[in-house]
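Thank you for making time for this; I would like to take you through one structure slowly, for those who have not seen it before. Please have a look at it first.

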Amino acid sequence: MDSPRSSKRTRYCTDPDLLIEVEGETFPVRSLLLMLASPVFRRMLESDMRETNEGRIRLPGKSKEEFKQVLPWLNDLEPKVKVVEGTLLTLLHWAREYQIERLTAACERYLAEVEVTVSELKLALDFDLKERAAHCLGAISADVARHIGDLQQVVTQPEVMMHLWPSVFAAAGLPPPAKALPLGLATELWPLAKAAVVHRAALAESYVGQDVNYDGYSGCKIKRVLDDLSVEIHVPGVGVCVAQQGEW
């Protein structure tokens, strides 16, 4: 008779030794790789649940087509599949439910190449994608005017707006709030803040490209408007200078 230690050694191995059943179809998997990939499956197999004794894990209510997309991340040392737009949401849901960290990381790598939008920020926050969320917050904060219309989606989410209000205030020409805004006040302020950001963005756009005189030089051109409405002016033979309103 095998000893308990020997029996445990043969239960979890790198050869297919376990079945996962989804919608009546069974998929052979390597229990050791499955346990390494997912703490949720590991707990199933380390307990005295039926799965351990039968060598079969049933996933009622799950789609076998979805499971086929997830299976390489559970059963292969180096999955050959890639995350694509059509599989992203499915993979994110499974990665979160079964705590498949390397699948979450693969989704984040895919999203790193996707254009930043407020919807993408919401997705990152919903699935606790920390690197992607930080990237989105940074990009949106750096160009509030571009995203101001879509920020309405998250204005009632304090956990999001606490990171964005300072940049929104700066884009509106206001000093940043000294403390987090209560939800009611934030909702009331939003239309005013949005209008101020849109107005300043339009004003800045109207300045860019203008020919101006600066510090006795002619033929100068405004290149960029900064948050405080000072401007970067290209001065022929000198380079780029920063000028306040009234200096050009």
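This is a predicted model: local features need pLDDT of at least 70, side-chain atom pairs count only at pLDDT 80 or more; totals for chains, interfaces and linings use all residues.

Let me begin with Asp 17, which sits in the loop that runs between helix H1, residues 4-11, and strand S1, residues 18-22. Asp 17 counts as partly exposed, because its relative accessibility is 27%. Which side chain does the side chain of Asp 17 meet in a polar contact? The partner is the side chain of Ser 31, at 2.7 Å, and although 14 residues separate Asp 17 from Ser 31 in sequence, their C-alpha atoms are 6.4 Å apart in space.

The crossing of H6 past H7 is left-handed. On the H6 side the contact is made by Glu 85, Leu 88, Leu 91, Leu 92 and Ala 95, while H7 brings in Leu 103, Thr 104, Cys 107, Tyr 110 and Leu 111. Sorted by class, these residues are 8 nonpolar, 1 polar and 1 charged.

The other pair is H9, residues 130-142, and H11, residues 158-171, whose axes come within 9 Å and cross at roughly 25°, and these two helices are therefore roughly parallel to each other. H9 passes H11 in a right-handed crossing. Leu 137, Ile 140 and Ser 141 of H9 meet Val 160, His 163, Leu 164 and Ser 167 of H11, a contact with 4 nonpolar and 3 polar residues, and no charged ones.

Notes: Residues are numbered from 1 along each chain as its sequence is written. Side-chain values use heavy atoms; hydrogens and water are left out. Helices (H or I, at least four residues) and strands (E, at least two) are DSSP runs, numbered from the N terminus. Buried means under 20% relative accessible area, exposed over 50%, partly exposed in between (1.4 Å probe, protein chains only). A polar contact is a pair of N or O atoms within 3.5 Å; within protein, one must be able to donate a hydrogen and the other to accept it, and residues adjacent in sequence count only if both atoms are side-chain atoms. A crossing is left-handed if the near helix is turned anticlockwise from the far one by less than a right angle, and right-handed if clockwise. Contact means heavy atoms within 4.5 Å. Ala, Val, Leu, Ile, Met, Phe, Trp, Tyr, Cys and Pro count as nonpolar, Asp, Glu, Lys and Arg as charged, and the others, Gly among them, as polar. Axes are lines fitted to C-alpha atoms, for helices over the stretch in contact, and angles run from 0 to 180 degrees between N-to-C directions. Angles under 35 degrees count as roughly parallel, over 145 as roughly antiparallel, 65 to 115 as roughly perpendicular and the rest as oblique.
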